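Hi there,

Here is the structure I promised you. Have a look through it first, and then read my notes below.

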Amino acid sequence: MPLISIKDVDLVNKCVFIRCDFNVPQDEFGNISDDRRIKSAIPTIKYCLDNDARVILASHLGRPKEISDKHSLKPVAKRLSKLLGTEVIMANDIIGEDAQNKAKNLKKGEILLLENLRFIKGETKNDEDLAKSLASMCDVYCNDAFGVCHRAHSSVEAITRFAKEICAGFLLQKEFNFAQDLLKSPARPFVAVVGGSKVSGKLQALHNLLPKVDKIIIGGGMAFTFLKANGLNIGNSIVEEELIEDAKQIMQTAKELGVKLYLPVDVLAAQSFSNDSVVKKVSVQEIPNGWMGLDIGPASSILFKEILSDAQTIWWNGPMGVFEFDKFSKGSFKMSHYISDSYATSVAGGGDTADVINRAGDADDFSFISTGGGASLELIEGKELPAIKPLILKEEY
Ligand code: AMP
């Protein structure tokens, strides 16, 4: 199922609207602390410039409740300008007078960045009027914002119904093709490593992944719902009581399918959710009342390493513990090292997981790190993403 590639479209002298994912993290001073998402958009932007197009860029940033400097894309324009070595004109609005004027006056080889798309309420409501206004600014619409493709938002879904020509950028194609190839015929054993805080966000993914993998490792906060489902006392550890039955069901299905499902055997427990808390290394059978597990323990790390040792394909989504606190980052860092040291095809997804891998210094040793969390999860599950569906080449259906 190939996508309509930007390479299939004639861009010469046209105005190309590229929907990017510039949703970058910023520190307390507003500095961009990780510009990988901006860098990932550069191949598509350069391709347009090399083809004598005019370029309009648009993205969301954070979840603004109102228009504010905090969520302005101005710092992104500055960083992008530095990376490209050319000026990036910043619009003060999205479809207002300033943006419309600047878009109209754009010359060949110039780049205009619109303000944060989420400053307009209609964006997340897939509003058609907003989509029409955005589409009317360009000749070609190009989606390169993989991270938002699992959502039906105006600038990624509705806009495809109004733009004269539509296509996928290089980043989107790379993400989509990688997920497709991974699912088609993964080298086996195929091991999924799932972590993070909530089962709820990944429940459906777990159900859908089971028939595809040979082994599944569950760590992080979500492991405690499974441990409790097995009758263990988990103290004050994070748990989703209403999902205990689902957790039992997942373990039962795994058994029926012959999929080996592994949970932590020990944890680092603390009395409070803090980096200063006293820490205890305990087996999962001995978590004291009032204590909470905030990372997998050393025995679990060794066990998981062993499980990964014969893997030929590894897919990882979600940290093994509260890696934001140094004290509870070891389990996640070790997991990152084990996977990157393996000879398996290694794929990671999700902002937190990518963050762990980068902090652990392992990014270069992964086969692929997806820029999208939810989107990569849904793609791996085999779901149809609303913003990708219109971009699939019809003849191939
Ligand atoms: P998610 O958004 O579900 O992928 O979860 C990511 C978050 O899970 C990270 O911010 C981690 O701090 C958190 N997390 C991982 N392990 C635990 C744990 N044992 N208890 C509480 N939170 C956790």
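A word on classes first: Ala, Val, Leu, Ile, Met, Phe, Trp, Tyr, Cys and Pro count as nonpolar, Asp, Glu, Lys and Arg as charged, and the others, Gly among them, as polar. Please keep in mind that this is a predicted model.

With those classes, the lining of the largest pocket has 14 nonpolar, 20 polar and 10 charged residues. This pocket has a volume of about 1100 Å³. Its lining is made of 44 residues, and Ser197, Lys202, Gly350, Gly351 and Asp352 are the closest to the centre. Strand β12 gives the largest share of that lining, with 5 residues.

Where does the second largest pocket lie? Domain 1 (6-171) and domain 2 (178-380) both contribute residues to its lining, so this pocket lies between them. It holds about 710 Å³ of space. Arg36, Arg37, Ser40, Ser370 and Thr371 are nearest its centre, out of 26 lining residues.

Back in strand β12 (residues 292-296), you will find Ile296. Ile296 is buried, with a relative accessible area of 5%. Met320 is 24 residues away from Ile296 in sequence, yet their C-alpha atoms are 6.3 Å apart in space.

Enjoy exploring!

Terms used:
Residues numbered from 1 in each chain as written. Predicted model: local features only at pLDDT ≥ 70, side-chain atom pairs only at ≥ 80, totals over all residues. Heavy atoms only, no water. Helix = DSSP H or I, 4+ residues; strand = E, 2+ residues; numbered from the N terminus. Buried < 20%, exposed > 50% of the residue type's maximum accessible area, 1.4 Å probe, protein only. 1 Å grid on protein atoms, 1.4 Å probe; cavity = no way out; pocket = protein on both sides within 12 Å on 5 of 7 lines; lining within 4 Å. Points joined across faces, edges and corners; volume = space filled by probe spheres on them. Domains from an automatic or database assignment.
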